[in-house]
Amino acid sequence: MATTDLKPKNPKDPHRVAGLDPLTGEYRVIAPGQTFKSITVKIAGIVLTPNTPLGWFALFSVGGAGATMLLTAVTWLFLKGTGIWAVTQPVAWGFAIINFVWWIGIGHAGTLISAILLLFKQGWRNSINRFAEAMTIFAVVCAGMFPLIHVGRPWLGYWLLPYPSTMNVWPQFRSPLLWDVFAVSTYATISVVFWYIGMIPDFATFRDRAENKFAQYFYGMLALGWRGSTRHWMRYETASLLLSGLATPLVLSVHTVISFDFAVAILPGWHTTIFPPYFVAGAIYSGFAMVLTLAIPLRKFYHLEGLVTDRHIDNMGKVMLATGFIVCYGYAMEAFMAWYSASHWEAFMFWNRAFGPMGWSYWVLVTCNLAIPLTTLWSRKLRTSIPFMFFISIVVNTGMWFERFVIVVTSLYRDFLPSSWGTYRATKWDYMIYVGTLGLFTALFLLFVRFLPMIPMNEIRTMLPGAKITPKIAPAQPAEAGD
Amino acid sequence: MPPREGTYGILAEFDTPSDLVRAAQQARLDGWRRMDCYTPYPVEEAAEAIGFHRNKVPLVTLVGGLMGLAAMFSLETWISVLAYPLNIAGRPTYSWPAFIIPAYEWTILWAGLSAAFGMLALNGLPSLYHPLFNAPNFRNGASTDKFFLCLEALDPKFDLIETRAYLATLSPVSVVEVEY
């Protein structure tokens, strides 16, 4: 659907009219009256100021405390081993895998916004893509840590890579766990490259506007000498488009590969062909929720309502509604296949998942992922209500965490043999590491907001009315030269 | 290598992208070839106007991607068939369907790195020094809200006095000489 299809139902409503563009009658993507200069001053001003808001320090100390707790818990983990976690038989995968999948999923919305929406020419993404990409990278940082600390002896983590060792041992390429290594490392690398390439022109703006010598050197180095040459811009645009084209299949493949960790196993509850699309949709669902969780306070705090408008919040609500229904289809299919497969084990697994001793987690998931968002996101009034959308984003993030909890734990705790049934109760170390990654994520994100351009100035400039070439100029004579 | 002393070119400043595109188009019609536009965001019409239509970034990306694919698939095959054959539940050592996934990821990895670094290399970046940064008004606006056209001294039509006068006819905001 083109974003230009958005026309309000009741144009008389005064609350709506404020957000409308009088020329087109559509919701505005950027508030009126912005010029090249004004957006540059606004966005660069957030970074190129010696004054850091006190609120920033307050939040950073909370995030930093979380990161310190993570460091403490991980240190103890390295000293004592994974025995300090609740993982044991029969639930051999616990919080580490749940958090890994949850964090990676959150990251996916960043790539979706920056790559897929770019390919679909959705101009509204421009205001939110940079911090969504930053969210991706910090989420991948948090996610990538979990498999590494889960291997027990993380200092031997490099054994996962194919390298000529003196032991003459090589990795086993038929295992989904090894596919993960390549999928996640590629995802992290490409996300960082995409993010950095996107920031180069904005670093050049910072370099040119910085007044302090250190900032000039710092951003000057990062800008690599960017000077806005048209030839550079054209190669840059081609490279950005190609990177989006590559990141799109990549993001779909990464969560597919992660779902293979489960789907390739023969365990009831995991051995399901619906997993790849259902994991990808769930990832996007939770990722958009996280973008909202970050965007709503940010736009308020830095007065960016003119750039991250109600239209963005509304569109993100729609994406969540759509992906929420795909996720809903996934849950329905799991239940249907449990019955239709006529497999005793599948049927028992599903019954146990919903009504067994840990069934409460399934109902938390249904409430948070289906009951609350999928009934309310239909309403435009609620979708443009900022407090409600913030609430929904927290609800969906919780629900998606419980989805991974349900998949991992309730498939494992009562397996084929009743004598080996058990339960799962996370230890304080599990909680400390999980909450610690939330702190690390917050701290990294705050550093990003303080020191890097959180809204892509060069992309916003292309959307301003001043960027239109008037009158339409006839093309020059035929091509002679390129590179 | 261009000479490292004297004049790099003459730089005209414009307020709007439309003025820049018109000027660049006129300059090209008048036979200028060694020229470039400098804008705070990508202006496709300016690239058209100076006759820059194709670039090699897609080719570099394709070659990079194919190299990644070939590298990973042959590494997997060599490891699993020759270097370290393992019998995993009786599956053939050459289990190509399983090998597709890492090979696919490496195709994307190498293609993406080639696109990014290839773009930088073709642009001649990083190069922290460029004569244009010597122009007094360039750093003030080129990355914010001003549009520049530079006619370079290497063009055979270039003449310090005449080129300056010529640029003034294209109704710029200002015209300055850029030195190395």
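**Exercise 1. What share of the contacts in chain A with a separation of 6 or more comes from residues 24 or more positions apart?**

Before we start, note that this is a predicted model, in which local features need pLDDT of at least 70, side-chain atom pairs count only at pLDDT 80 or more, and totals for chains, interfaces and linings use all residues. Residues are numbered from 1 along each chain as its sequence is written, while chains are lettered from A and ligands numbered from 1 in the order in which they are written.

Solution. 
- Step 1: two residues are in contact if their C-beta atoms, placed from the backbone, lie within 7 Å.
- Step 2: among the contacts in chain A with a separation of 6 or more, 80% are between residues 24 or more positions apart.

**Exercise 2. Describe the overall build of chain A.**

Solution. 
- Step 1: chain A has 17 helices and 0 strands; helices (H or I, at least four residues) and strands (E, at least two) are DSSP runs, numbered from the N terminus.
- Step 2: its radius of gyration is 24 Å, close to the 23 Å that the globule rule gives for 483 residues, so chain A is as compact as a globular protein of that length. The radius is taken over C-alpha atoms, and the rule is 2.2 Å times the number of residues to the power 0.38.
- Step 3: along the principal axes, the C-alpha atoms of chain A fill a box of roughly 80 × 60 × 55 Å.
- Step 4: of the 483 residues of chain A, 45% count as buried. A residue is buried if 20 or more other C-beta atoms lie within 10 Å of its own, exposed if 12 or fewer, and partly exposed in between, with C-beta atoms placed from the backbone.

**Exercise 3. Work out what chain B brings to its contact with chain A.**

Solution. 
- Step 1: the contact takes 69 residues from chain B and 59 residues from chain A.
- Step 2: on the side of chain B that touches chain A, α4(B) gives the most, with 17 residues.
- Step 3: that side of chain B divides into 41 nonpolar, 16 polar and 12 charged residues. Here Ala, Val, Leu, Ile, Met, Phe, Trp, Tyr, Cys and Pro count as nonpolar, Asp, Glu, Lys and Arg as charged, and the others, Gly among them, as polar.

**Exercise 4. Trace the sheet of chain B around β1(B).**

Solution. 
- Step 1: write down the order, β2-β3-β1-β4 (chain B), for an open sheet of 4 strands with antiparallel pairing. Two strands pair if DSSP finds at least two bridges between them.
- Step 2: find the edges. β2 and β4 (174–179) of chain B each have a single partner strand, so one side of each is left without a neighbour in the sheet.
- Step 3: follow β1 (residues 7–14) of chain B to β3 (residues 147–152) of chain B, its antiparallel partner through 6 bridges. Ile10(B) stands opposite Leu151(B), and Leu11(B) has Cys150(B) as its bridge partner.
- Step 4: turn to β4(B), which 6 bridges join to β1(B), again antiparallel. There, Ser174(B) is the bridge partner of Glu13(B).
- Step 5: check the cover. In β1(B), 7 of its 8 residues are buried.
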